[in-house]
Amino acid sequence: MPPVFRFAPSPNGYLHLGHAYSALLNFDAARRSGGRFLLRIEDIDPARCRPEFETAIYEDLAWLGITWETPVRRQSGHLADYRAALERLSAMGLIYPAFESRAEIARLVAQREAQAPWPRDPDGAPLYPGNAKSLPPDERARLLGSGAPYALRLDMAASCALIPDIGWTEHGEGPDGEAGAVAARPESWGDVILARKETPTSYHLSVVIDDALQGVSEVVRGADLFWSTSVHRLLQHLLGLPQPVYRHHRLVRDDAGRKLSKSSAATGLRELRAGGATPADIRLRLGLLQQVGPASPKRPS
């Protein structure tokens with residue numbers, strides 16, 4: 001089977017040079033290998049995702065010379081897939097509802113940090129400090145019946161007890177130069193959120209389900225997602241999903257060394273194009289030579 005690559009942006013802003021780098025790496029790799037290139041729209045956040053940003057994604061990628069298979073998978077159209085995965089994890093006793101608001105969690109963290117430093121995940125966010133996992137069944141049922149908002153969290157300790165000693169082979173490089181055999185550290189994320197009352201999925205859950213259902217065999221993405229792979233490998237084991245090949249790449253940064261953001265107009269593809277930049281200029285700026293290969297990735301027969 002030909003390898004399958006994907007680029008999966010969220011339509012919550014305009015694409016910048018960092019997105020262009022990742023999209024071109026995936027597209028070029030698909031062309032070199034005679035593989036397939038998929039575009040996926042990760043639009044599970046209705047508060048931030050907007051139709052005009054999705055339209056802009058298609059326009060910017062086409063301007064770069066990138067082509068993709070259709071139809072494009074939009075996560076908002078596949079919520080049932082994520083609900084099914086949650087139901088399977090729930091049947092295993094591995095998820096629970098937590099009812100604290102963000103403000104309440106911040107207050108709990110502040111209380112604990114008054115005594116000693118509170119652990120944080122690889123992204124720098126404090127681990128979940130609440131006790132929802134130990135709520136009595138009648139109290140949990142009362143809160144659910146009241147219509148209170150909640151987040152569905154993965155019981156990380158129970159999950160790691162079921163699936164110990166997992167890892168992956170890194171074909172790129174992590175943020176500190178990690179390569180080759182990497183031991184996963186899902187416990188460093190604590191009881192991660194897999195869904196909320198109003199949204200039956202999260203990034204961690206949806207990306208694992210989508211990659212499996214779309215047959216993605218090669219995950220090429222930024223080094224900022226390197227340690228997220230620990231959670232993804234755990235979920236793949238728990239749900240019986242295949243493991244893709246992982247290759248994490250360097251991040252494109254601004255002159256001050258900061259990771260690019262969608263709010264940075266100076267690096268936005270639309271702004272650069274309006275200023276006279278060409279696709280060749282973008283490739284040169286990113287250090288990517290024009291690749292020689294088929295005119296477009298192979299389509300499934």
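Visitor: What does buried mean here?
Guide: Buried means under 20% relative accessible area, exposed means over 50%, and partly exposed lies in between (1.4 Å probe, protein chains only). The model is predicted: local features need pLDDT of at least 70, side-chain atom pairs count only at pLDDT 80 or more, and totals for chains, interfaces and linings use all residues. Residues are numbered from 1 along each chain as its sequence is written, and side-chain values use heavy atoms, without hydrogens and water.

Visitor: Why is strand β9 called largely enclosed?
Guide: In β9 (residues 218–222), 4 of the 5 residues are buried, so the rest of the structure largely encloses this strand. A strand is a DSSP run of E with at least two residues; a helix is a run of H or I with at least four; both are numbered from the N terminus.

Visitor: What makes β9 and β10 a pair?
Guide: Pairing takes at least two DSSP bridges between two strands. β9 and β10 (residues 245–249) have 5 bridges, in the parallel sense.

Visitor: Why is Ala 116 called partly exposed?
Guide: Its relative accessible area is 38%. That lies between the 20% and 50% cut-offs, so Ala 116 is partly exposed. Ala 116 sits in the loop between α4 (102–113) and α5 (137–145).

Visitor: How do you know that β4 pairs with β5?
Guide: 4 bridges join β4 to β5 (residues 151–154), and the two run antiparallel. Ala 98 stands opposite Ala 151 in β5.

Visitor: What makes β4 and β8 edge strands?
Guide: The open sheet has 3 strands in the order β4-β5-β8. β4 (95–98) and β8 (193–196) each have a single partner strand, so one side of each lacks a neighbour in the sheet.
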